Amino acid sequence: MAELANRGESPEILFWVGCSGSYDQRAQKITRAFASILNHIGIRYAILGKEELCTGDPARRAGNEFVFQMMAYQNIQTLNNYKVRKIVTACPHCFNILKNEYPELGGNYEVIHHTVFLQQLLDEGRIRLREGGSYKGKKIAYHDSCYLGRANGIYEAPRKILEALDAELVEMKRCKSNGLCCGAGGAQMFKEEEKGATRINFERTHEALETGAGIIASACPFCNTMLTDGVKHEEKEDRVMVLDIAELIATELSVPA
């Protein structure tokens, strides 16, 4: 973003990478997949790079309002200095807090989750998928992220993308507004869970495996981590893949006309 600003240019979108997409080795693959889609269709985008701080979501969910506001104000100052208007992110946690909680602190932006953005690009014909792709007819179970689904009512965009791949979308017994959390939300990703009969990500993964799907699709790096751990616990990693929506699309892109 700084480089573009120095040239007096502005991007079509700001890609908010997020902490997980920046530092987690598995989530970095999601970041690269989404960036490869943007590059493929020629969308002019920018990232903040080292100027991007954590949104403060985990701090606020864990109850540390001071740290949240400190981080949020720094991000808002950076975004406003660059006159950012449109933000796309692959993380539902970043999406939710940027969209719904930054405005009260002076950060007003059009914030779009990458599944909605990809669905828009498919509808507009800017993304074209190759015919007879590698996912045609394959069973894919989609896991609803809490911050994407219940918090923001986004259920159809990721499912329409999976249908565009000609895959067989199979639903878990708990899905959409009745979906089960993967266990990472509310800052649980960063602490030991309270003891119970089973870990919540194991239970959720078991529901996904019950569908018989060979691919579990997610749209959140946190969910991806929790479901991947669940698949490993079941010792099914050689038969079941956990992939982000962007990763599924990135491998099926048609050569531009």
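Are Phe15 and Phe34 buried or exposed? Phe15 is buried, and Phe34 is buried as well. The legends below describe close-up views of a predicted model.

**View 1. An aromatic pair joins Phe15 and Phe34.** Phe15 lies in strand S1 (residues 13-16), and Phe34 lies in helix H3 (residues 25-41). The two residues are 19 residues apart, and their pair links distant parts of the chain. The ring centres are 5.0 Å apart, with 70° between the planes, and the pair is edge-to-face. Both Phe15 and Phe34 are buried. Ring pairs also bring in Phe117, giving a cluster of Phe15, Phe34 and Phe117. In the whole structure, a search finds three aromatic pairs.

**View 2. Helix H7 crosses helix H8.** Helix H7 covers residues 114-123 and helix H8 covers residues 156-164. Their axes come within 8 Å and cross at roughly 50°. H7 is therefore oblique to H8. The crossing in which H7 passes H8 is left-handed. On the H7 side, the residues that meet H8 are Thr115, Val116, Leu118, Gln119 and Leu122. On the H8 side, they are Ala157, Pro158, Lys160, Ile161 and Ala164. Sorted by class, this contact of H7 with H8 has seven nonpolar residues, two polar residues and one charged residue.

**View 3. Leu122 is a residue of helix H7.** Leu122 has 18% relative accessibility, and because buried means under 20%, Leu122 counts as buried. Leu122 and Ala164 are 42 residues apart along the chain, and their C-alpha atoms are separated by 8.5 Å.

**View 4. Thr89 sits in strand S3 (residues 86-89).** Thr89 has a relative accessible area of 0% and is therefore buried. With residues up to four places away in sequence left out, Thr89 touches Trp16, Cys94, Phe95, Ile112, His113 and His114. The C-alpha atoms of Thr89 and Val17 are separated by 6.2 Å, although the two residues are 72 residues apart along the chain.

**View 5. Ser20 sits in helix H2 (residues 18-23).** At 13% relative accessibility, Ser20 counts as buried. Apart from its neighbours within four places in sequence, Ser20 is in contact with Ala27, Gln28, Pro221 and Phe222.

View 6. Two packed helices are described by the angle between their axes and the distance between the axes. H9 contributes Asn201, Phe202, Arg204 and Thr205 to the contact. H10 contributes Met226, Leu227, Asp229, Gly230, Val231 and His233. The residues in this contact of H9 with H10 divide into four nonpolar, four polar and two charged.

Conventions. Residues numbered from 1 in each chain as written. Predicted model: local features only at pLDDT ≥ 70, side-chain atom pairs only at ≥ 80, totals over all residues. Heavy atoms only, no water. Axes fitted to C-alpha atoms, helices over the stretch in contact; angles between N-to-C directions. Helix = DSSP H or I, 4+ residues; strand = E, 2+ residues; numbered from the N terminus. Parallel < 35°, antiparallel > 145°, perpendicular 65-115°, else oblique. Left-handed = near helix turned anticlockwise from the far one by under 90°. Contact = heavy atoms within 4.5 Å. Nonpolar A, V, L, I, M, F, W, Y, C, P; charged D, E, K, R; others polar. Phe/Tyr/Trp six-rings, centres within 6.5 Å; stacked < 30°, edge-to-face > 60°. Buried < 20%, exposed > 50% of the residue type's maximum accessible area, 1.4 Å probe, protein only.
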